[in-house]
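Let's walk through this chain together, one question at a time. Have the sequence and the 3D view open as you read.

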Amino acid sequence: MHSTIFAPRALALGASLLCLSLSCAAQTSVAAQAAGSEKLNKVVLTGNPLRSQDLAQPSNVLDGDALILRRAATLGETLDGLPGLSSTYFGPNSNRPTIRGLDGDRVRILSNSGASVDASSLSFDHAVPLDPLVIERIEVLRGAAALLYGGNAVGGVVNTIDNRIPRQAQQGLSGATELRLGGGAAERNGAMVVEGGDSKFAWHADASARRADDLRVPSFTADGVTATRVRNSASDSHGVALGGSLLFANGYAGLSVDDSRNDYGVTVEPDVMVQMQRQRLSGAGEWRVDTKDTQSLLQRLSWRLGSSRYEHREVEGNGDVGTIFKSSGKDLRVELEHAKFGPVQGVVGLQWEDSDFSALGAEALVPSTSTRSSAAFVLEQYASGPLTLSAGARLESVRVKSDGDGPQAEEARFGPASSRSFSPHSFSLSSSYKLLGEPAGTKGLSLTANLNRTERAPMFYELHANGVHVASGAFERGDVNLGKERANGLDLGLVWQGAEQMLRLNVYRTQFSSYIALDATGLQIEADGEALPEYAFKSVRALLQGFELEGRLDLPALLHGAKFSLTAQLDGVRGENRDSGEALPRLAPLRASLGLDLGYGLWSGRVELRGAARQDRVPLYDRPTAGYGLVKLSLARQFRIAGTDGLWYLRLDNLGNKLAYSASSVATIRDLSPLPGRSAHTGVQLRF
């Protein structure tokens with residue numbers, strides 16, 4: 001694990017805490033300035049292959065102590081509450097990030113910039129096979145990133161970064177270990193990372209494990225039963241990984257292999273457990289031209305490939321396996337950066353993905369399918385003085401094949417084998433202009449703008465679903481005649497960065513001429529003696545618009561050597577089905593937070609008030625969600641023992657034990673799984 005995991009002084013922790021809501025990539029650590037040594041990495045790597053300091057697209061970075069204190073059991077819960085981000089929250093085990101009201105296959109989940117093959121976008125009860133405990137950095141792009149990552153990134157990108165394929169030389173042996181206890185589910189978490197090597201070869205190994213009981217919540221009533229625990233929400237997971245890289249003067253090349261397993265309960269089905277596992281082989285490398293070679297047209301070549309196998313078994317209470325979901329996939333991505341031509345530099349790239357999916361058993365909602373996609377993209381950037389302009393395009397080819405019912409089918413459900421081809425295109429134009437301050441400086445007033453047009457090919461389940469979806473309590477039908485999803489988006493930002501304050505405002509508007517929505521038809525379908533509402537995938541016109549406002553103010557020191565900072569955040573999104581006039585489903589309400597951070601010597605802490613308004617703009621077949629206010633506290637101390645750096649932390653959540661529900665949860669799970677109640681979470685991390 002790199003030194004970003006530990007800051008040498010507690011003031012660096014306080015600054016990291018501020019960065020949770022202040023787009024860390026755009027600012028310098030206050031604590032680092034005071035310490036005169038370390039600074040937070042200011043360059044966002046995701047969606048920024050040219051390493052520009054002025055990124056027009058709004059972004060967030062979590063790393064170091066800030067990530068340690070925010071980490072939760074799932075990726076969605078870890079990111080929930082950042083500007084524009086919420087989670088699907090299908091109980092405490094299945095949480096996928098939602099960005100600006102878009103979820104599922106409109107938010108691209110990446111692992112080290114490579115595809116994370118799983119089935120989490122197919123159903124809300126399918127977890128993302130990533131353990132936040134061994135991730136050392138998370139980068140989030142809010143808004144369309146389809147140019148570099150395809151139409152599936154129209155909502156944004158979440159990229160989890162680890163060091164399983166080392167990119168830098170390692171001096172001797174180092175590592176870190178962490179133990180976490182407590183929380184609403186009485187978690188017992190542990191992880192260890194060990195790294196070694198020299199200037200020519202570096203290796204990495206990590207292991208993690210987590211056990212949790214049923215989640216404890218404030219007293220609530222659902223289905224006529226009053227409870228203080230979320231039923232069937234316990235989990236048991238573990239994972240291991242090993243990787244290594246050959247290092248040379250101008251780059252590296254490496255491989256890694258990892259295995260992750262997770263057994264967890266499905267809250268909506270009280271007697272069903274999921275047994276999930278994924279194995280992945282990854283490769284990556286980079287070659288950079290010698291800085292003395294000024295005549296070379298090619299400046300950098302980078303590549304990344306991966307091969308994954310995923311399996312998800314839904315096991316009934318009597319031990320029978322109800323359904324087996326299997327997915328295997330391969331992906332390859334190559335980027336070539338060309339030399340500068342005056343003030344213009346750029347990158348061209350190729351991407352290829354190949355995935356196969358099958359669902360076997362009583363709850364097989366979709367037929368066996370295969371999806372093949374390839375893409376080429378180009379991004380060019382012009383920088384002169386206070387102005388930076390970027391323009392690019394991406395051309396894709398996607399083919400989705402269905403095996404249909406197959407010769408062994410007991411009943412005709414999915415029809416004959418079929419194939420559909422699509423050619424999505426995406427374009428973007430963005431700019432950043434320094435209105436006040438030095439063009440290359442971090443202080444001053446800047447204006448950003450991003451204009452994009454994106455297209456997304458429909459997913460296999462949107463085309464071919466036809467059956468009971470037990471997790472959502474509905475009968476779902478796809479439409480094999482669906483066309484591409486199309487959207488035009490505009491994002492405007494204004495940022496003031498001063499020595500003691502920061503203010504950032506983003507407003508956005510995304511208009512879909514074709515939005516693939518899962519809408520209730522009003523019909524009831526008889527299945528296994530039960531009447532279920534029918535939901536169908538169909539193309540509608542839709543509009544999403546919203547804003548994100550965040551700020552920081554450093555306060556005068558009340559104690560000698562103490563640092564106080566006040567942070568605030570406000571965001572909101574509204575979505576409308578323009579064909580029916582109804583609201584789009586599962587949108588987070590207006591949210592606000594106010595936090596006070598303190599750094600004093602080796603100690604640091606934070607108190608935060610987080611609130612959400614009532615969400616009463618819901619579709620016809622949904623219900624409003626009440627607003628709530630939560631109080632959170634955290635305390636941390638840096639220490640050193642026997643030559644080892646250490647961090648102890650304590651996190652107290654929902655101090656008022658407020659009963660609250662997530663408006664971005666699917667309606668069938670919302671009443672069964674409130675947000676966690678009052679809890680205490682403590683942990684220790686040691687770095688050697």
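Q: By the ring-pair rule, how many aromatic pairs does the count come to?
A: Keep in mind that this is a predicted model. Two rings pair if their centres lie within 6.5 Å. By this rule, the count of aromatic pairs is six.

Q: Which residues do ring pairs link into a cluster?
A: Each link in such a group is a ring pair, with centres within 6.5 Å. Followed from ring to ring, these pairs join Phe325, Phe357, Phe460, Tyr461 and Phe537.

Q: Over which ring does the charged end of Arg106 sit?
A: For a charge over a ring, CZ of Arg must be within 6 Å of the ring centre. For Arg106, the charged end is 4.1 Å from the centre of the ring of Tyr515.

Q: Is Phe124 buried, partly exposed or exposed?
A: Start with its place, the loop between strand E5 (114-115) and strand E6 (137-142). Buried would need a relative accessible area under 20%, and exposed one over 50%. Because the relative accessible area of Phe124 is 21%, this residue counts as partly exposed.

Q: Which residues is Phe124 in contact with, leaving aside neighbours within four places in sequence?
A: Contact asks for heavy atoms within 4.5 Å. Gly104, 20 residues away along the chain, has its C-alpha atom 8.6 Å from that of Phe124. With the sequence neighbours set aside, the contacts of Phe124 are Thr88, Phe90, Ser94, Asp103, Arg586 and Val666.

Key:
Residues are numbered from 1 along each chain as its sequence is written. This is a predicted model: local features need pLDDT of at least 70, side-chain atom pairs count only at pLDDT 80 or more; totals for chains, interfaces and linings use all residues. Side-chain values use heavy atoms; hydrogens and water are left out. Rings of Phe, Tyr and Trp (its six-membered ring) pair if their centres lie within 6.5 Å; planes under 30 degrees apart count as stacked, over 60 as edge-to-face and the rest as tilted. A charge sits over a ring if NZ of Lys or CZ of Arg is within 6 Å of the ring centre and within 35 degrees of the ring normal. Helices (H or I, at least four residues) and strands (E, at least two) are DSSP runs, numbered from the N terminus. Buried means under 20% relative accessible area, exposed over 50%, partly exposed in between (1.4 Å probe, protein chains only).
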